[in-house]
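Hi,

Here is the structure I said I'd pass on.

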Amino acid sequence: MATRILALNAQKGGVGKTTAAVNLASALDQAGKRVLLVDFDPQADATMTVGIKPHEEDGPTSFDYVLGQCRLSDAVRSTDFGRLEVLPVYDAAIDRLGVPKLAGPDSRRARARALADGFHSRFAAELARKYPDEPELTLARLVSGLGEGRKRGAVAVSDEWSQYDYAVVDLPPQQVLPVAMVLASADAVIIPTKVEAYAMRGFARMLDTISDVREVFNPSLRLVGVLATFAQMRTQTTTIYLEAMRDVTERLGTPLFETIIPYRVQAIAASGLGLPLHYYSETKTLAAMYDKLAVEVMRAFGDKPTSRPTTR
Ligand SMILES: Nc1ncnc2c1ncn2[C@@H]1O[C@H](COP(=O)(O)OP(=O)(O)OP(=O)(O)O)[C@@H](O)[C@H]1O
Ligand SMILES: [Mg+2]
């Protein structure tokens, strides 16, 4: 089976992108697939959620890989969770790109948030210096091993990537360069969307971005689905907003996953502990929702589980 690259993207922040990336990756691992979780967010939330402390580590990261400073295998790490591997982000890598340190409590998150813009513009400048023509295509070139990336629908995947069945990529919110870079490399996009008022704001712009990327860089990019998250089941507001989401997606002809991710306060504890939902006793039911999502994703690619989920 060819490697499938799935990008989790949304205009909005805090809609469950990282949670979906980590737990979809973990669910695919449980289904017997070889999975690489890829962190392309300088906040390093996905890295932390698989038990790695980004402020204690140094070494090559996803950003170093894209800048041509290392090979994929130099940066990839194994995790304590099945056969799941991660291409991580560490604070030191962000520092290397010239983002100054902030002191004080909660400094990691504050720094990551406040200086994300600074990081993105430095990364963009660095990438444009190295690859003056179409820096957006860098990752696509690395993935495909071809000079033109996936520009003409090339599906070849270089040896480094071909050992994985799926690469699941976590991205920062908003339209920043890493997003374009990953979309130019990806087979498919999943858009997590919080079930709330104004949920679909920015959605039309996301669809425009996807069709622009398709036109210019990657004609085979698919939108596999919109994923409804933070649903407070059995409340009237959720029912109303879910209905609105169904309406909009239907009108725009975009698929909405059957699986709906409910709001569960224990999810916050699991990510704080650096555990995928499958590995925390309080979140087994929520993990099962990501197993259902994984089945839908596999089905979209004509794929199915390789093995029964292992005991956790
Ligand atoms: N189903 C859920 N129920 C309750 N809380 C959740 C759920 N899923 C995720 N969370 C929590 O909500 C917060 C935001 O989720 P997450 O980090 O996945 O969003 P994000 O879209 O990646 O955010 P950002 O835009 O900052 O990258 C986190 O604290 C996470 O633990
Ligand atoms: Mg995130």
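**What I found inside**

Let's start with Phe123: leaving aside residues up to four places away in sequence, Phe123 touches Phe63, Val66, Leu67, Leu97, Leu177, Pro178 and Met181. Keep in mind that this is a predicted model.

Phe123 belongs to the largest nonpolar core, which has 61 residues. Together with Phe40, Leu139 and Trp161, Phe123 is one of the residues with the most contacts inside that core. Apart from this core lies another one, with 40 residues, including Ala20, Ala25, Leu277 and Leu293.

Now for the ligand. Where does ligand 1 sit? You'll find ligand 1 in the largest pocket. It has 20 residues around it, and the closest are Lys17, Thr18, Thr19, Pro262 and Arg264.

A few polar atoms to look up while you have the viewer open:

- Lys17: a polar side-chain atom lies 2.8 Å from an oxygen atom of ligand 1.
- Thr18: a side-chain N or O atom is 2.8 Å from a ligand 1 oxygen.
- Ser271: here the distance from a side-chain N or O atom to an oxygen of ligand 1 is 3.0 Å.

On its own, ligand 1 exposes 630 Å², and the protein buries 87% of that.

Cheers

How values were computed
Residues are numbered from 1 along each chain as its sequence is written. Chains are lettered from A and ligands numbered from 1 in the order in which they are written. This is a predicted model: local features need pLDDT of at least 70, side-chain atom pairs count only at pLDDT 80 or more; totals for chains, interfaces and linings use all residues. Side-chain values use heavy atoms; hydrogens and water are left out. A nonpolar core is a set of buried Ala, Val, Leu, Ile, Met, Phe, Trp, Tyr and Cys residues joined through side-chain atoms within 4.5 Å. Buried means under 20% relative accessible area, exposed over 50%, partly exposed in between (1.4 Å probe, protein chains only). Contact means heavy atoms within 4.5 Å. A residue is near a molecule or strand if one of its heavy atoms lies within 4 Å of it. A polar contact is a pair of N or O atoms within 3.5 Å; within protein, one must be able to donate a hydrogen and the other to accept it, and residues adjacent in sequence count only if both atoms are side-chain atoms. Accessible areas come from the Shrake-Rupley method with a 1.4 Å probe; for residues, only the protein chains shown count as cover. On a 1 Å grid over the protein atoms alone, a cavity is a set of points where a 1.4 Å probe fits but cannot get out, and a pocket is an open set with protein on both sides within 12 Å along at least five of seven lines; lining residues have an atom within 4 Å of a point. A molecule sits in a cavity or pocket if more than half of its atoms lie within 2 Å of its grid points.
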